[in-house]
Amino acid sequence: MTKIAIIVGSTRPGRFAPKAAEWFKPIADEIGGAEFSIIDLADINLPFLDEAKPPMMGDYQNEHTKAWAKTIAGFDGFVFVAQEYNHGYSAALKNALDFLYAEWNHKPVAFISYGAGAGGSRAVEQLREVVINLRMIPLNDHVSFVNYWSQMSEAGFDANDQQIALAKDLAKSIAFWSEKLKPIREELQTKA
């Protein structure tokens, strides 16, 4: 079965990212076509990049890097939940991306973002540039939460109809492309 990771890109206390990931997962599970799992970078707890050799060389020395590489290698696609801090995304997400190289290659990625007036769209613009360099395939699918705190209530988080529709489209798209790119990725890896 195709496996897709929903990566929670913020590690700060009180963050909204886990709520967005937990909101999206049942929508994705209902769509079907893939197995979705949440990976929280706060639980992974990577130090700042501390490998002596560039990740492109694939010669990982540290156990935490090897464990992270094994985790990421096991997925066929990704949904990044990215917040916007000062017109950019978090250092924790950048660090997690920078630790690896080949494990990201030729895999699709879509985005869920949140923030103030831009809803995290500027963070996603920056992420698209980074993932392209990691040889990932960024999809156009994107769910954003503008002024996300306005959708919070005592009962929890209330997404609107448009956000739910976009999430369903995103889940279908990431499942489709993750499956379709598997044989291409395997072919490219055997030629490497």
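**Note on the predicted model**

1. Aromatic cluster. Phe16, Trp23, Tyr114, Phe145, Tyr148 and Trp149 form one aromatic cluster. Rings of Phe, Tyr and Trp (its six-membered ring) pair if their centres lie within 6.5 Å; planes under 30 degrees apart are stacked, over 60 edge-to-face, and the rest tilted. Trp23 is also among the buried residues of helix H1.

2. Basis. This is a predicted model, in which local features need pLDDT of at least 70 and side-chain atom pairs count only at pLDDT 80 or more, while totals for chains, interfaces and linings use all residues. Residues are numbered from 1 along each chain as its sequence is written, and side-chain values use heavy atoms, with hydrogens and water left out.

3. Aromatic pairs. The count comes to 14 aromatic pairs. Phenylalanine 80 and tryptophan 104 make an edge-to-face pair, 6.0 Å centre to centre with 80° between the planes. The pair links distant parts of the chain, 24 residues apart. Phenylalanine 80 sits in strand S3, and tryptophan 104 in the loop between helix H4 (91-98) and strand S4 (108-115). Helices (H or I, at least four residues) and strands (E, at least two) are DSSP runs, numbered from the N terminus. Phenylalanine 80 is buried at 0% relative accessibility. Tryptophan 104 is buried at 1%. The cut-offs are under 20% relative accessible area for buried, over 50% for exposed, and partly exposed in between (1.4 Å probe, protein chains only).

4. Which geometry do tyrosine 114 and tyrosine 148 adopt as an aromatic pair? They are edge-to-face, 5.0 Å centre to centre, with 75° between the planes. This pair also links distant parts of the chain, 34 residues apart. Tyrosine 114 belongs to strand S4, whereas tyrosine 148 lies in the loop between strand S5 (137-146) and strand S6 (152-153). Tyrosine 114 is buried, with a relative accessible area of 2%. Tyrosine 148 is buried as well, at 16%.

5. Helix H1. H1 covers residues 17-31, which makes 15 residues. From first C-alpha to last it reaches 21 Å, close to the 21 Å expected at 1.5 Å a residue. The expected span is 1.5 Å times one less than the number of residues. The buried residues of H1 are Ala17, Pro18, Ala20, Ala21, Trp23, Phe24, Ile27 and Ala28. Glycine 32 follows the helix, and its phi is positive, near 80°.

6. The side chains of lysine 25 and aspartate 29 meet in a salt bridge at 2.7 Å, N to O. The criterion is a side-chain nitrogen of Lys or Arg within 4 Å of a carboxyl oxygen of Asp or Glu. Both residues lie in H1, 4 residues apart, about one turn of the helix. Lysine 25 is partly exposed at 23% relative accessible area, and aspartate 29 is partly exposed at 37%.

7. Strand S1 (residues 3-8) and strand S2 (residues 35-40) run parallel and are joined by 6 bridges. Strands pair if DSSP finds at least two bridges between them. Isoleucine 6 has isoleucine 38 in S2 as its bridge partner. The chain crosses from S1 through H1 to S2, and this β-α-β crossover is right-handed. Right-handed means that, with the strands pointing away from the viewer, the path from the first strand over the helix to the second runs clockwise.

8. Helix H3. The buried residues of H3 are Thr65, Trp68, Ala69 and Ile72. Seen down the axis of H3, they fall within an arc of 100°, so they line one face of the helix. The arc is that of the directions from the helix axis to the C-beta atoms. On the other side of H3, Glu63 and Lys70 are exposed. Glutamate 63, at 59% relative accessibility, meets lysine 66 in a salt bridge at 3.6 Å, N to O. The two are 3 residues apart in H3 (residues 63-73), about one helical turn. Lysine 66 is partly exposed at 38%.

9. The whole structure holds 9 salt bridges. Among them, lysine 182 meets aspartate 76 at 3.8 Å, N to O. Lysine 182 lies in helix H6 (residues 161-191) and aspartate 76 in the loop between H3 and strand S3 (77-83), so the pair ties together parts that are 106 residues apart in sequence. Is lysine 182 buried or exposed? Lysine 182 is buried, with a relative accessible area of 18%. Aspartate 76 is buried at 10%. Asp76, Glu179, Lys182 and Arg185 are linked in a network of salt bridges.
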